[in-house]
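Let's take a walk through this structure together. Keep the 3D view open and follow along.

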Amino acid sequence: MSAAHTPLPVVLAGARGHGRWHLLNIHRLERLGLVRLAGVCELRPLDAAELEGIGTPEQSSDFEALLASTGARIAVICTPIQTHTDLALAAARHGAHVLLEKPPAPSYAEFRRMADGVAAAGVACQIGFQSLGSHAVPAIRRLVEEGAIGELLGVGAAGAWVRDEAYFRRAPWSGRRRLDGVDVVDGALTNPLAHAVATALSLAGSARAEDVEYIESELLRAHAIESDDTSCVRVVTTRGTQVTVAATLCAETSSEPYVVVHGTRGRITLWYKQDRVLLQRGGHGPEETVHGRTDLLENLVAHVTGGEPLCVPPEETGAFMRVVEAIRLAPDPVPLPETYWHAEAGESAPRRVVAGIDGLVDRSADTLSLYSELDAPWALPTKAEIR
């Protein structure tokens, strides 16, 4: 095997929880001869059962020491939100290219510090919005550019998921806006359903920070947490396009999140976790297609070894980070009165269900409206607006 094709050594920071998916994905690429799992950074080392079939990578709780000892060419970072910037910059100092889980940072200032720092170090950074690796995204953009649904009117997204109280206790930062005086900005729109926000902005052709004119948000919570579990946002782009996202973790029934691109002569719906697209337009029957997806780590390897363009460089998440910043600066989420939610048994703990929220989320995506504009009984009297 030539030096150009030697598997790239990879260090994974955060190998439990969602990090387990990254561990298995690295192992998949290892079998393809693209990478080598050189190290795992965890506060508590993975045991033999967790590494069964994976191998015996070097383990340490000291990320920088692990980068140095392994000579890592790539660092995959799947750690608490508030640690992302410092760990990405540490990787960059060691010359390692970075795959950074979403959200990339808890504030726009931290995002810029991270993005500018890795660029100055001359390393690549891929942000872990897997939905933006979907081949459905450029396919939909082409349809819009070709006028398949007429003039673009706006983009709406909907996410209705079920999460029980244990979800908000899974880590000290879960459900927090701040922890020990440090921004975290966990919440429905910024973390679990962040893909809905990022994908909607991308399909609107407004993924960069400079594409955002202003942002309105409505943040609420049924659970006893700091962050929002039921929220919506409207982004007005510099082109004048409206992008709305309605999300809840208190759904009556979990459903597949989706994005709807509205045009004067039709609409395109993307179920982004399934890469499934439905085109509906006048004079034609419905057309459904399922698209492939480029794995973001595989794409990063191809970028490092062969110059392939990155699927999700930091600048393509700038508008998303403007949304994160607007939510960070907004007033704390408003507790929903108990008359509007009820408790049910969840998978591992009780969960709270907001009555009628599933329909409201769908109506928001269909009409590009905020909850207050849909006459939700618990609608906020005012919206938080950031220009």
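Let's start at Cys 41, which is buried because its relative accessibility is 12%; here, buried means under 20% relative accessible area, exposed over 50%, and partly exposed in between, using a 1.4 Å probe and protein chains only. Before going further, some ground rules: this is a predicted model, where local features need pLDDT of at least 70 and side-chain atom pairs count only at pLDDT 80 or more, while totals for chains, interfaces and linings use all residues. Residues are numbered from 1 along each chain as its sequence is written, and side-chain values use heavy atoms, with hydrogens and water left out.

For Cys 41, the nearest cysteine sulfur belongs to Cys 78 and is 12 Å away. Cys 311 is in no disulfide either, with the nearest cysteine sulfur, that of Cys 125, 13 Å away. Rolling a probe the size of a water molecule over the atoms shows where empty space is left. On a 1 Å grid over the protein atoms alone, a cavity is a set of points where a 1.4 Å probe fits but cannot get out, while a pocket is an open set with protein on both sides within 12 Å along at least five of seven lines; lining residues have an atom within 4 Å of a point. Grid points are joined across faces, edges and corners, and a volume is the space filled by probe spheres set on the points.

The largest pocket has a volume of about 1500 Å³. Its lining has 38 residues, and the closest to the centre are Arg 16, Gly 17, His 18, Gly 19 and Cys 78. Helix H1 (19–31) and helix H3 (84–93) are the elements that give two or more residues to this lining; helices (H or I, at least four residues) and strands (E, at least two) are DSSP runs, numbered from the N terminus. Sorted by class, the lining of the largest pocket has 16 nonpolar, 13 polar and 9 charged residues. In that sorting, Ala, Val, Leu, Ile, Met, Phe, Trp, Tyr, Cys and Pro count as nonpolar, Asp, Glu, Lys and Arg as charged, and the others, Gly among them, as polar.

The second largest pocket holds about 220 Å³ of space. Among its 13 lining residues, Leu 132, Val 137, Arg 141, Ser 202 and Cys 311 lie nearest the centre. Helix H5 (residues 136–145) gives the most to this lining, with 3 residues.

How many cavities of 30 Å³ or more are there? The count comes to 1, and the largest cavity has a volume of about 40 Å³. Its lining includes Leu 132, Ser 202 and Phe 320. H6 supplies the largest share of that lining, 3 residues.

Next, have a look at Ala 15, in the loop between strand S1 (8–13) and H1. Ala 15 counts as buried because its relative accessible area is 3%. Leaving out residues up to four places away in sequence, Ala 15 touches Arg 20, Val 40, Glu 42 and Leu 46, where contact means heavy atoms within 4.5 Å. Ala 15 and Thr 79 are 64 residues apart in sequence, and their C-alpha atoms are 8.6 Å apart in space.

Over in strand S11 (residues 230–237) you'll find Ser 231, buried with a relative accessible area of 0%. The side chains of Ser 231 and Asp 228 are joined by a polar contact of 2.6 Å. A polar contact is a pair of N or O atoms within 3.5 Å; within protein, one must be able to donate a hydrogen and the other to accept it, and residues adjacent in sequence count only if both atoms are side-chain atoms.

Arg 352 sits in strand S19 (residues 350–354) and is buried too, at a relative accessible area of 18%. What does the side chain of Arg 352 reach at 2.8 Å? That would be the backbone oxygen of Ala 222. Beyond neighbours within four places in sequence, the contacts of Arg 352 include Glu 165, Cys 250 and Trp 341.

Let's finish with some backbone details. Most residues other than glycine have a negative phi, and most peptide bonds are trans. The peptide bond from Lys 102 to Pro 103 is cis, with omega near -15 degrees, and Pro 103 is found in the loop between strand S5 (97–100) and helix H4 (108–121). Val 185 has a positive phi of about 60 degrees, although it is not a glycine, and counts as buried at 2% relative accessibility. Asp 375 also has a positive phi of about 60 degrees without being a glycine, but Asp 375 counts as exposed, at 68% relative accessibility.

Definitions and conventions: A disulfide is a pair of cysteine sulfur atoms within 2.5 Å.
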